[in-house]
Amino acid sequence: MQFFDVYPRWPIEPVRAQGCKIYDKEGAEYLDFYGGHAVISIGHSHPYYMEALTKQLNHIGFYSNAVLNSLQDEYAEKLGELSGYPDYSLFMVNSGAEANENALKLASFHNSRKKVVAFQNSFHGRTDAAVQVTDNSKYKAPVNENMDVVFLPLNNIEAVRETLLQEDVSSVIIEGIQGIGGIRVPEPSFLQKLSSICEETDTVLILDEIQSGYGRSGRFFAHQHAGVRPDMITVAKGMGNGFPVSGMLIAPKFEAVHGQLGTTFGGNHLACAAAIAVADVIKAENLVENAAEVGAFLMEELKKMRQVKEVRGHGLMIGVEFAEPIKFMRNKLLFEEKVFTGATGTHVFRLLPPLSVTMDEAAEFLRRFVNTVNPVSGSDSHFPSNLTI
Ligand SMILES: Cc1ncc(COP(=O)(O)O)c(C=O)c1O
């Protein structure tokens, strides 16, 4: 059997990783400014995390949600404290899309409405409801066409007001910072007004913090820069530092009705052990503060580069836009300077290093980035083609 070839893949195979570094089969060392797509939060192979997972596996790795699992309570308590939402409840699942799927569903159970408002250039995942609220027709199959979804322009409060005043919208789903859509930060005043209109019209506000959450923006959640409190918050990526685990933080006004939501794997023992270890390390090592500090330094330095058209984001979720396509630079950075980066569209680098990245590693990244960006000439014909991720 062969692997289904739906991903373009770099011809590099990491076999070992430590902190902010990745090592390939040949022993070459790479600086990880992609974080495995914003997933690596506390750094690769953190000793506390490895010990916690190993210990848990030696006790019990999995049992179903038909029995008590006090690790879930321990994690909920720690997450409540760390995130500033101690009065919310937690429902755990396995991936970002699944968290959004359940959030949209719980909102609809709550207010018995069907319509959903999402934003232009949004990305919320690839399962049925999640892909229908994603603004990209390429990801949607004919089976994903039954929902009533309205896509509005980001930061246009009048369009939102007009739609929500009909009082038939179940939920509004919005990313804390649009990731795949180009690192677009919603304006704080827009989020504040959106939150008030949702409250006035009994519309559920869902903040998708799957990419922008878990400390990445320099606050635990990106929406906390605007001081709003959504009805539900979805989390994934950084939550397990690579272990597949996700969840929804649910405001007290939602009633938990047996049977409405369910999951086989969600919140299992290993997933909880991973999530607890990540939460412990984020707190003990002040990684949210580190993300704010290192991110501010990176953004400030990147803004000084004359080749750069715009720098956007918060903390360690940084978009660096160029006037010309970045494919050549990104390949050069990877194959010659040995730096992994993300991208969005054709012109924007997406920097998502581990939250534990040091100032020295940031300075080293900048040195290699400048080396790459300065001589923007030549052809990329010697690099493997089809490398967009
Ligand atoms: C904002 C956002 N929401 C949802 C998802 C989907 O997460 P997953 O791939 O874990 O289903 C992603 C993934 O990139 C994302 O960035």
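1. Basis of the model. Residues are numbered from 1 along each chain as its sequence is written. Because the model is predicted, local features need pLDDT of at least 70 and side-chain atom pairs count only at pLDDT 80 or more, while totals for chains, interfaces and linings use all residues.

2. Domains. The domain assignment, which is automatic or taken from a database, gives domain 1 as 14-33 + 286-373 and domain 2 as 47-284. Between the C-alpha centres of domain 1 and domain 2 the distance is 26 Å. Their contact, in which two residues count if their C-beta atoms, placed from the backbone, lie within 7 Å, takes 18 residues from domain 1 and 17 residues from domain 2.

3. The domain 1 side of that contact. Two or more residues each are given by α9 (287-303), β11 (308-314), β12 (317-322) and β14 (348-351), where helices (H or I, at least four residues) and strands (E, at least two) are DSSP runs numbered from the N terminus. The largest share, 5 residues, comes from α9. By class, this side has 9 nonpolar, 7 polar and 2 charged residues, with Ala, Val, Leu, Ile, Met, Phe, Trp, Tyr, Cys and Pro counted as nonpolar, Asp, Glu, Lys and Arg as charged, and the others, Gly among them, as polar.

4. Helices α3 and α8. Helix α3 (residues 70-83) packs against helix α8 (residues 269-284) at an angle of about 30 degrees, with their axes 9 Å apart; axes are lines fitted to C-alpha atoms, for helices over the stretch in contact, and angles run from 0 to 180 degrees between N-to-C directions. The two helices are therefore roughly parallel to each other, on a scale where angles under 35 degrees count as roughly parallel, over 145 as roughly antiparallel, 65 to 115 as roughly perpendicular and the rest as oblique. The crossing of α3 and α8 is left-handed, meaning that the near helix is turned anticlockwise from the far one by less than a right angle, whereas clockwise would be right-handed. Among the residues that make the contact are L71, Y75 and L82 of α3 and A273, I276 and A279 of α8. The contact of α3 with α8 divides into 10 nonpolar, 2 polar and 3 charged residues.

5. Helices α6 and α7. The axes of helix α6 (residues 157-164) and helix α7 (residues 188-200) are 10 Å apart, and the helices pack at an angle of about 5 degrees, which makes α6 roughly parallel to α7. I157, V160, R161 and L164 of α6 meet F190, K193, L194, I197 and C198 of α7. This contact has 7 nonpolar, no polar and 2 charged residues.

6. Helices α10 and α11. Helix α10 (residues 327-335) and helix α11 (residues 359-373) have axes that come within 9 Å and cross at roughly 130 degrees, which makes α10 oblique to α11. Their crossing is right-handed. From α10, M329, K332 and L333 meet R368, F369, T372 and V373 in α11, giving 4 nonpolar, 1 polar and 2 charged residues.

7. The ligand shell. Around the ligand are 14 residues, of which G96, A97, G125, I210 and Q211 come nearest; a residue is near if its C-beta atom, placed from the backbone, lies within 6 Å. Helix α4 (residues 96-111) gives the most to this shell, with 3 residues. By class, the shell has 5 nonpolar, 7 polar and 2 charged residues.
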